Amino acid sequence: MEGLNKSPIVYVVSDSVGETAELVVKAAASQFHYSGIEIRRIPYVEDIGTINEVIALAKEVNAIIAFTLVIPEMKKHLLEHAQAAGVDTVDIIGPMINQIGKKTKLEPRYEPGIIHKLDEDYFRKVEAIEFAVKYDDGRDPRGIVRADVVLIGVSRTSKTPLSQYLAHKRLKVANVPLVPEVEPPEELFKVSPKKCIGLTISPEKLNDIRAERLKALGLKSQANYANMDRIKEELVYSEKIMKKIGCTVIDVSNKAVEETANLIWNMFQGKSNS
């Protein structure tokens, strides 16, 4: 009879992927010298009929049912019918949910697969941050085509911090500096102007920012970088490029990075998931 087989069987039942329960079962099994335990995963259980089938199979082979069912009705059905059938069960996640609920006085969401949604969200964020670093400051024009958002503007208009801020909101951002002596990459004129954002600033504000930047670097504030005539020339040039592209332009003169980022985020919400 298979029920007397020396290879214990554990049915892993989950309303999601079932990885959590399987890992716990494997971790528990690793504490024994005997390693012949057989795990049979039953993922995405959404109906009572499947639970009844698993209970019948487990009874037939004298197996254990380890489960991570978070929907109360499903869990209740499994526990009651498994007990009636004489099948041993282990609730992998329920006790922890109960204890956290007691401590926080909060009601659980009882939503299957949330941890995987969180994992996906985390990896999208990491990918977006890596993207922002890779395609910062016009390093590789191929990023313009792949980006959700392309920021353009003269030096010191917060392109890099904005890219990172938006990356934490899972938007892939490339940024391109506009310099009169350097032709913008041709990719900038091939992508949709709707995904380009021009950043502009008043000459006086930019002069202050650049002068402070030079001081921080131990350089003289009279350098061409912070020269007012040069600044005006750059801004006129950048305005010309932005008009040619036909993109939205945001004046960042009196805006914090967070404020500008939220403006852009509201314009591009949902693009990172497409």
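Colleague: What limits apply to the model?

Modeller: The model is predicted: local features need pLDDT of at least 70, side-chain atom pairs count only at pLDDT 80 or more, and totals for chains, interfaces and linings use all residues. Residues are numbered from 1 along each chain as its sequence is written, and side-chain values use heavy atoms, with hydrogens and water left out.

Colleague: Is strand β6 buried or exposed?

Modeller: Buried means under 20% relative accessible area, exposed over 50%, partly exposed in between (1.4 Å probe, protein chains only). Strands (E, at least two residues) and helices (H or I, at least four) are DSSP runs, numbered from the N terminus. In β6 (residues 173–177), 4 of the 5 residues are buried, so the strand is largely enclosed by the rest of the structure.

Colleague: Which strand pairs with β6, and in what sense?

Modeller: Pairing takes at least two DSSP bridges between two strands. Here β5 (residues 149–153) and β6 are parallel over 5 bridges. Gly 153 stands opposite Pro 177.

Colleague: Which residues of helix α3 are buried?

Modeller: Met 74, Lys 75, His 77, Leu 78 and Ala 82. Down the axis of α3, they fall within an arc of 160°, so they line one face of the helix. That arc is taken over directions from the helix axis to the C-beta atoms. On the other side, Glu 73, Lys 76, Gln 83 and Ala 84 are exposed.

Colleague: What covers the buried residues of α3?

Modeller: Contact means heavy atoms within 4.5 Å. The cover includes α2 (48–61), β3 (64–68), β4 (88–91) and α4 (94–104).
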